[in-house]
Amino acid sequence: MILFDWGTYNGLTKLPIAATLGMKLTEIPPYDFSRRSRGEDYFTQYRELATKAFTTITAHAPYYNVVSTSRVVQERTTRALVAAVRKAKLAGAQIFNLHLGWRAYMDHRDLEQAAEVLRKLADEAQPEMIISVEIPYTRRMLGTWEEVKALREMVGEDRLIVSVQLENAWMLETGASEHGDFEAANRIADEEFWTRILHKTLSLSHGFLSLRFSQVVGFALGRRILKKRVPLGKGYPDLAPLARALARFMVREVKEKQLPLRMHIIYTGIPETKYRDTITLYAEIMKEAVQYLR
């Protein structure tokens with residue numbers, strides 16, 4: 001029995017590398033859905049290769065803001081996302097994940113329009129896939145815990161789940177996206193902090209418990225604090241307390257309670273070190289999990 005599936009994003013030509021390294025998950029990267037050269041044959045080939053080596057295939061939507069004040073832009077974005085869902089199905093993906101992006105109206109209309117788009121994606125995804133929405137790192141973006149809960153009620157809790165980019169949740173919960181003091185925020189992120197995040201994730205999950213991680217540093221762009229992904233060990237938050245919390249939570253709260261969930265962790269760091277870092281992330285979690293496994 002696998003405790004959790006693990007892996008990173010891979011284009012078609014990189015699948016043999018990930019499979020050779022023993023990864024159990026692959027994610028179709030967002031650029032595959034925005035390139036005109038990626039026709040149906042590409043995604044069919046992806047499925048043929050990936051299903052032989054991986055237990056989980058996920059897909060990451062292209063980076064579009066889901067909500068716009070322009071009707072033309074809104075319709076174009078929705079069509080592009082529906083087309084991406086269709087391609088992800090051809091590739092055998094079980095989850096189609098997306099960022100909701102920046103708020104447009106700053107009121108209830110943002111959530112209502114997002115729900116309308118997500119319903120269309122969920123309709124296209126059925127029955128093969130489920131839609132997941134990422135937690136953002138700032139409240140200037142859509143997708144806070146409360147909003148994901150509301151969206152699941154509007155779209156269907158069996159069709160929409162949360163996918164937690166853990167460093168985003170860390171920035172959001174500690175206020176690092178507002179004050180920019182990553183060192184102070186890092187001191188807050190102990191094992192108990194991460195356990196609370198994981199319980200929140202569980203409460204918004206169905207079928208899958210979906211997690212993502214990379215370390216980041218912050219920089220200011222005008223009045224905004226933005227994040228930049230860096231190699232594992234070169235940024236924030238610290239991995240050690242997160243690995244401890246993940247190991248204990250996965251074994252004690254999911255495996256031992258026999259919850260009907262498949263867990264996975266996707267490493268989302270920079271391409272240059274992603275394979276080495278993915279293996280390090282897996283190893284750190286499993287070193288901690290050993291003490292709980294019987």
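Which residues do ring pairs link into a cluster? I found F33, Y42, F43 and F96 joined that way.

Before going on, I noted the ground rules. This is a predicted model, where local features need pLDDT of at least 70, side-chain atom pairs count only at pLDDT 80 or more, and totals for chains, interfaces and linings use all residues. Residues are numbered from 1 along each chain as its sequence is written, and side-chain values use heavy atoms, with hydrogens and water left out.

Next, I looked up the ring pairs. Rings of Phe, Tyr and Trp (its six-membered ring) pair if their centres lie within 6.5 Å; planes under 30 degrees apart are stacked, over 60 edge-to-face, and the rest tilted. The structure has nine aromatic pairs. One of them is F4 with Y282, a tilted pair with 5.6 Å between centres and 55° between planes. This pair links distant parts of the chain, 278 residues apart: F4 sits in the segment before strand 1 (5-9), and Y282 in helix 12 (residues 274-289). Helices (H or I, at least four residues) and strands (E, at least two) are DSSP runs, numbered from the N terminus.

Then I checked F193 and W194, which pair edge-to-face at 5.2 Å centre to centre, with 80° between the planes.

Buried or partly exposed? Buried means under 20% relative accessible area, exposed over 50%, and partly exposed in between (1.4 Å probe, protein chains only). I got 3% for F4, so F4 is buried, while Y282 is partly exposed at 27%. F193 is buried at 5%, and W194 is buried at 0%.

Last entry: I saw R224 over the face of W102, 4.1 Å from the ring centre. That label needs NZ of Lys or CZ of Arg within 6 Å of the ring centre and within 35 degrees of the ring normal.
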